[in-house]
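Let's take a walk through this structure, stopping at a pair of helices and then at a few strands.

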Amino acid sequence: MSNTKFTASQQAAVDHAGHNILVSASAGSGKTTVLVERVIQKLLHGESIDRLLIVTFTQAAAAEMRDRIRAALAKAAETESDDLRKTHLRKQQALLGSADIATLDAFCARVVRRFYYVIDYDPAVRTLGDDNERQLLWNQVWEQVRDHYYDEKDAAFLDLVTNFSGSRDDEGLTGLVQSLYTKAMASPDPAAWIKAVPRLYDFPLTAAGVNGAAWFAPDEPNNLRGILVQTYSDLFTQYRDQVEALSTVTDLDKLYTFGAKQLPVLAAQLPILKSGDWDAVRGALKAAQDVMAARFPSYRQNSLEPDLWTLKTQVQNARNALKEAIASYVSGPFLLPLAEWLPLLGRGQALTRKLSEVLGAFADALTQVKQRRGLAEFADIELAALRILTAKTATDIEPKTFYAEKYHEIMVDEYQDTNPLQEAILTTIAHDHPGNMFMVGDIKQSIYGFRQADPSLFASKYTHYQPASQRTADADDERIVLAENFRSTEAVDDMVNYVFQQLMDPTVGDVAYDENARLQYGAAYYPPETGAEAAVLLVPDQAAADDDPDAVPLTGIQAQTAVVAEKIKALVAAQTPIYDKAAQGTRPMTYADAALIVPTRGDNLDILDTLTDHNVPVVMNDAKEYFQTTEITVMLNYLSLIDNPDQDIPLVGWLRSPIVGFSSDDLATIRLHHRQGPYHMAWAVYLADSSIHTPLHERAQHWAAQLDQYRTLSKQVRIADLIWRIYADTGFLDYAGGMPSGKQRQANLHALYERANDFEANGFRGIFNFIRFIRQVRANQDDMAISPVTSTDENAVTVMTIHGSKGLEFPVVFLLNAQHQFNPVDERAAAIALTRTGGVGVTIKDYSRHMTVPTPQHFYGQQIIHGTAQSEELRKLYVALTRARQSLYVVASIKDEDALGKAVTGWAGAIQPGEPLLATTARRSAKNILDLLMPTLLRLPTVNDALAASAAVSPEDQLGEPAITVAVCPPTAATPAATTAPNLGVRRQAFPEITAQAQAWHTPYRFAQATRTAAFQTVTEIKRAQDDPVLTDTRLTTTEASGYTQSPAFRYVKDDEFTPPKFLTQDQPPQSTTVGTATHLVFQEMDLSRGAITADQVAATIDRLQADGQIDAATAAQIDTAGVAAFYATPVGQQLLAQPTAVHREMPFALLLPPAEVFGETAAGIAFPADADILIHGIIDGYIALSDQVILFDYKTDHVRGRHDPQAYLADQYRLQLQYYGAALGAILHTPVTAQYVYSVELQKLIPVPVRKEE
């Protein structure tokens, strides 16, 4: 019997029985303790442990639960004086080992093993616990299903492939089918879920059919119309309130008049949106869009007081938010009138019906293969258990009855993470009227949507179950709330409550953050001297010092980690009191008391390196982007070459890797032996040339021979043995240990070896299949499971993700990367499934318009899953903040103070005066944690003052004013730890040669600049780095390195990892560089053999390229067709049309030049050895080679109108580039270029550029 003193609500959760009970247990409320005590009390009162089903979320939780019950039983048995009760407790101890305390998967496996014969199921199946093995199996089955449809030449299937995949492969449809299958398997009836895929398109293709369809009908709050009305209403109200607040501000009367004129028209559209038919709603949106198109009144910032400028900006932001929302609907679901939508919706109907058929075929085929091989996934076991429990038997006791009679109570922990299939299993064996389910959880901590968890199950019960004081005579179900937080200090509780009462409600978060949801301070055991703080730390990027060529900038996660490292060191050095619950007293803080929680694992290696640089010990549970780390990329390149040596990218990656160590110059030398064709052909030709006798050739022969040995070995030994042989022969494993984050990298290489072992242990063979398997894992953005890596000892800071931190607690918590963008990848999919209601919304490739059109159902699906995702992101924030026991810090990057000022203005626009909750649209549109958190804190006067926010953001009295600070914290670079050499009593004067040697060691390397400058430069990079070296004096300039840092000199080589690309989002307009690239493609594709070229012919070429998927619609619209056509009317253009066979377009080249010629005599003499050539490469737009002349031409799409003498500007701007092009072309053709031109598409002018004269 526990000595814990329970609160009234906890005691109710322990004692109440005889009906269904839902316990809503907030963070730190002791739910596990309560659950264990409930079990013990039942056992003390005569219940038997084998009459209870206790379901946990993880195996670790089940083991912990079993251990707690065992300890409690032992204690109770020792103190029990009654012999009968003591005997009973001893019996329970004996039964505990076989008691049903397990995950639901484990329970279902027991059901299947006992009653397998009911559904003729193989009880000896092997569970596919490895995701990657499961993926391999899926791929094999899908290929069989797909190839069958291909063999049948099924036209509807081919249309499905074309619609959902690119022009090169069918991977789009592959990913879609497998994603939908995962969702289907989380439902109680996968077959019915699959049949419901066309549900959103299953209506008569008429105006009445659309207007009455469930996804658009009036008075449905959660369908497309309901979401539109809610969004429009919220944003209109926000704009109206902002405008009306200006009625008494005379200095902004122009703005007030402008807004007041728009408001009546905008208000008049709302009733139409609520009840109008499709075309009426479309008309109302267009009317609102027309009103919002009026030009916003302009003010000069220096003409207004700061507060007035902020008011103006807030009105403008509110207007822009409404304007953008209207535009998204006009360009989205209401892009077309209904008459034009109907044919496309018909295609959507056909596509989804075929998709349902193909998905069903895949599910059936996969089931058959798994049965034949004796395999099962966890979902298969659960579905089999449900089939068993719902089966009717005539000769034996029904399994449902057996379990219903066996279990007097069903206890479910972490109920908020249950999915519909698991719910069906539990309710099948539960009692009815009265119920016997005891469910414990916290919907505010439901963060496993990616595992198909459905928090609406908890939310529904939370709404319908009533407290004991409000239960009626016919109400069976009770809700108990555990709100007291016995984990955290009052500072942490206050921050969490202050933030979430402004953020969470049933719309965003799935539950109201009311008195039942608020954390009630229960940790009264903290002594007054215990340190407690709640703060937000905004870390500005710090540029590298201009006077230090070796300095690197501190930006992003590295800057944040630097600030956190120094903060932790300061807390430890100050011996900050930490309350130790085991010792029931305080002690000085250690590093192990601090945890760094991150949204994703992508930056973990940078965090590890930065903490190590600051001498902070760290333990890291995992590191994301396993396959993107340098050491794994090197090994995968090696294995790819062993499988197939005729691959350029793996070959070059292998040659440049630390294993082989060829330089860029070495690669260029090899290429010169075979200038055309793939690089692997140049490699083969170079190896075969017996006339070469150079050290490079000898090295190449050595490595080629070793590669051949490995290729032979790969056919004789296991893949894992081959990998280990490579490690042993090359020393690469040891090399990786010497790199930054060496222990982690060695763990990564060991994990690759183990993965190869597992791959073959599961029955798969062949290096080709292994590489294919790795590529699939990459495509799915999965990673290997890596063992924790500790930098020093157990007294170390912990780094983990939000998901990994759930269920844990730490005295001091830092939530990093609060500015990290939420990932909307699911919203960009070509097909979106509505998991809860069924049905799939799709995009359609409209071949007549040469564009991909999201159907209204797809847009609706985007809104639904966006709302679901935003709710989960909000709950993830709750989980992260409630991990803290004493102090809590939220850390985020900001670019600079100007960026912060703009962000503050945007955050202020989310606040609704007089309303505690932030605007729904603001919460739904938040891009990151900072967008959620900071608007709530701006209401605090101290934060308002610290960020110089507007006085228009006033406090809300009902929210209170907790002690939360916000500070801007510039990062500090790590300084090497000072070391003192021992005094050995040696007089340096007695050893002058040692002194001279020491001075030599400290002499800076003369050519340090060359070590940081790539020997592989493009003409464009050189042009950016300096003025024209041919015509003017030159000097070294500053260029951008690695895409974001400022460092002196040329294009730099990044020291370690590969910088990931910055992908454009789908709603961004095309950049000028994108339009320029597309324009060059059009020039390249123009047919010169058909005579005169007109603008119509150019437009036809653009349409063809767009239909082929080479140019998107937005980019195509920006191409200047008249400017392209006008080129062919110029003298050079006429020559091209007259002699098309002499024309060469898109000509790649490479040119070796001495540094002095590239960077200037003076600069190169300082920075480079005399023999260090620079490889210049580029692509020439085109040239025409005639018998008596060679003419070079280059197209430019620069916007130069308005410049003084734009033609002279372009000639000067691109003189250097064309002179390098000309020099390279002359060397290739062995004929000098006689004329060269820049053609301006915008000006429609051919501009001569001087030819470079050789000295």
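Axes here are lines fitted to C-alpha atoms, for helices over the stretch in contact, and angles run from 0 to 180 degrees between N-to-C directions. Helices (H or I, at least four residues) and strands (E, at least two) are DSSP runs, numbered from the N terminus. Keep in mind that this is a predicted model, where local features need pLDDT of at least 70 and side-chain atom pairs count only at pLDDT 80 or more, while totals for chains, interfaces and linings use all residues. Residues are numbered from 1 along each chain as its sequence is written, and side-chain values use heavy atoms, leaving out hydrogens and water.

Start with helix α23 (residues 630-643) and helix α24 (residues 648-655), whose axes come within 8 Å and cross at roughly 125°. That makes α23 oblique to α24 (under 35 degrees is roughly parallel, over 145 roughly antiparallel, 65 to 115 roughly perpendicular, and the rest oblique). On the α23 side, the contact (heavy atoms within 4.5 Å) is made by Asn 637, Tyr 638, Ser 640 and Leu 641, and α24 brings Pro 650, Leu 651, Gly 653 and Trp 654.

Now hop over to strand β30 (residues 1235-1240): five of its six residues are buried, so the strand is largely enclosed by the rest of the structure. Buried means under 20% relative accessible area, with a 1.4 Å probe and protein chains only. Strand β29 (residues 1190-1196) pairs with β30 in the parallel sense over six bridges; pairing takes at least two DSSP bridges between two strands. Here Leu 1192 sits opposite Gln 1236. Strand β31 (residues 1245-1249) runs antiparallel to β30, joined by five bridges, with Tyr 1237 opposite Pro 1248. In the hairpin of β30 and β31, four residues lie between the strands, and Gln 1244 takes a positive phi near 55°.

Methods:
Buried means under 20% relative accessible area, exposed over 50%, partly exposed in between (1.4 Å probe, protein chains only).
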